[in-house]
Amino acid sequence: MKVIAVLIPTFNIEYSLDILSGIADYYRDKPVKVVIIQTRIPGINTGAFDYQYCTGFEYAKSKEFDAIICVSGVYASQMSEKRLREMLQVFEPRPVVSIAIDPQSKNGYVIKADCRKSYKEIINHLKTEHNCKKIAFFSANQTKSKEALERYDAFTAALDSCKLPFYPDLVFDGNFTDFKAHDEIIARYKSKKDIPFDAVVCANDMMASGCIYALEEIGVRVPEDVKVIGFDDAIVANMMSPKLSTINQDIYSQGYEAAEIADRLLNGESIKKEILIPLLPKFRQSCGCIEKVNSYPVYKTVDGEIHSEISDKNDGAMQFVNALNEKNTVVTLLDTVRGFNTLKQMFFNLKYIVHQCSLSGLAIHFFKEVQLIDNEQEFCLPDAIDLHMFYTEAKNTEVFRPGVTVNPHEKIFAARSMEDIGGIFLLNPIFSGEANYGYMMCRIKENKFADYNVYLKIIMNAVAQAYEYTTKIQEGRNLERENTDLALQSRMDDLTGILNRRGFIEKGQAALDILQETDTSGVIFFADMDGLKKINDTYGHDMGDKALMLQARVLKDIFRSSDVVGRLSGDEFGVVALGMKMNYVENTRLKIDMLCKKVSIENQLPFTLSISLGAVDLQKSSVLKQLLNEADKELYKEKNKKHARQ
């Protein structure tokens, strides 16, 4: 059975979801194994431990893969094409089918969007249907990306083909963002009479959105005074008012075509090195083809035909139902993984986890030894990995520790797990902080890749903790009963019994990742105990230690068991409060203050415990350390308020 690897940086953008859906739908029910590997770019990562996903490139080098499909356009937005081609070169002599960027190799093939044809169609449409004669262009040339330059060239070529003049002073340089486009228009023009063009074509929908808002601010009506057309057909295009005319890249078809090309190459067929995918102009309200009073989601084609756009993507009710179902699954999954501490306990829940997450199989693999990786270290894939547990719905088989070891350089699918079952699989590394334990392979049933990304993060965190706890038991060491869900005593603060800085950062970051993936609220606290130095100087360090222990107890009692509480250093504490909203922060401060007074009286302290808290919303950053820095700034303000009241 042929095995194909799909390399993609992220599941969490609309472009990626459409590409993957096209690939998955082509291979659905075919006797082929397709392994999708979310592989970040070495040295370019946003999350605290996102670099761990860079290990995916090493797995993709396995000899078990017969071909590679690379979603190169997303990679190329963050790295040079030269470097990308060098990375793809390692997969030779296997065929590499690249979407967007030409690998320029002997066995490399590229699927590209034919934007020249579509730009010619929209310029001709503006000229013949709307009598536009002076057309401006919002470029993204500031990004210097290949896509931006191609769209600019396609625009100028389209003007020439349609015998319309090109006005260099009507080319605005943007960077694919709405606010940049908005600011550029506002800076140049102050009122409707200043506008020298009757239409503007934008290199993407976000810039078109910013352009429309800016034009409306200075009294220009769209489409009555100026026609606006975007590019991408992003979700925002159909949510705007007026609804945006744009160019649909048919991303789904690009994924489908790439899958078909890889399949035909593996069957020995001769294929052209470059395949152009036609794009679909959609004329809506912003160019005047659909009346503004028409709220129904429709568009007009180049041929003048009216088509409906009702789908799960733009059906608000369906989006709400899907989001609700996904959140219910996340809550249930979180409850399930909280129910086990050891790997054997996880195995007893494995079948339920698979069914709950719309999977049809899940296999967990561990290295012989845990690999510690930092963000500046190149990952060296070990020569041996053990299959620890698996469940496959297709054969209704579940096995724990089958005693199977494979060399991942040679084979990714361990024997007796899923080796003779075709389908769409996701390969995800198992890591916690700097520790990398191995990988899990799951067989998926649906095309809900963003949801699967959340499920895998939850499962991954649970597996990592169960691995550490099981290892601890096997080594015969004792864990404190109230902390049995933690990995190692090295993550605990000896004095207070709560997480130390290392444990807090690792567990807190994991919780933060899940909260942000599910768009759930949360607050990050940075706290500093008041007057600890004075306590130590006046009553001695033993009393100071007692104060720290009681202060930690106060925080543990105030916050829920599911929240992450840790001692960062000396008299500093951190909290990741799951689900909390910023408007509840002041109430939390009051509750802490009241409990501090109560605990001080109960323990007959010669002073009153007190702690100051800085708080920030988790949406300010995806990195816990950065959020703690922001909370520290808020703490400074809180301290100043306290001093002012004294």
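Q: Helices (H or I, at least four residues) and strands (E, at least two) are DSSP runs, numbered from the N terminus; how many helices and strands does the protein have?
A: This is a predicted model, in which local features need pLDDT of at least 70 and side-chain atom pairs count only at pLDDT 80 or more, while totals for chains, interfaces and linings use all residues. Residues are numbered from 1 along each chain as its sequence is written, and side-chain values use heavy atoms, with hydrogens and water left out. The protein has 18 helices and 23 strands.

Q: What is the radius of gyration of the protein?
A: The radius is taken over C-alpha atoms, and the globule rule is 2.2 Å times the number of residues to the power 0.38. For 646 residues that rule gives 26 Å, and the protein comes close to it, so it is as compact as a globular protein of that length. The radius of gyration of the protein is 28 Å.

Q: What percentage of the residues of the protein count as buried?
A: Buried means under 20% relative accessible area, exposed over 50% and partly exposed in between, with a 1.4 Å probe and protein chains only. The C-alpha atoms of the protein fill a box of roughly 90 × 65 × 40 Å along the principal axes. Of its 646 residues, the buried share is 55%.

Q: With which residues is Met441 in contact, leaving aside its neighbours within four places in sequence?
A: Contact means heavy atoms within 4.5 Å. Met441 belongs to the largest nonpolar core. Its contacts, with those neighbours left aside, are Val35, Gly361, Leu362, Ala363, His365, Ile412, Phe413, Met418, Phe425, Leu426 and Leu427.

Q: How many residues make up the other core?
A: Another core lies apart from the largest one, and its members include Ala136, Phe172, Ile212 and Val226. The size of this other core is 51 residues.

Q: Where does the proline lie that Glu92 is joined to by a cis peptide bond?
A: The bond partner of Glu92 is Pro93, and omega of this cis peptide bond is about 5°. Pro93 is placed in the loop between α4 and β4 (96–99).

Q: Which residue forms a cis peptide bond with Val222?
A: The omega angle of this bond is about 10°.

Q: Is Lys163 buried or exposed?
A: Phi of Lys163 is near 60°, a positive value in a residue other than glycine. Lys163 is found in the loop between α6 (146–161) and β7 (171–173). With a relative accessible area of 70%, Lys163 is exposed.

Q: In which strand is Arg401 found?
A: Although it is not a glycine, Arg401 has a positive phi of about 45°. Arg401 is exposed, with a relative accessible area of 53%. The strand that holds Arg401, running over residues 397–406, is β17.

Technical notes
Core = buried A, V, L, I, M, F, W, Y, C linked by side-chain atoms within 4.5 Å.
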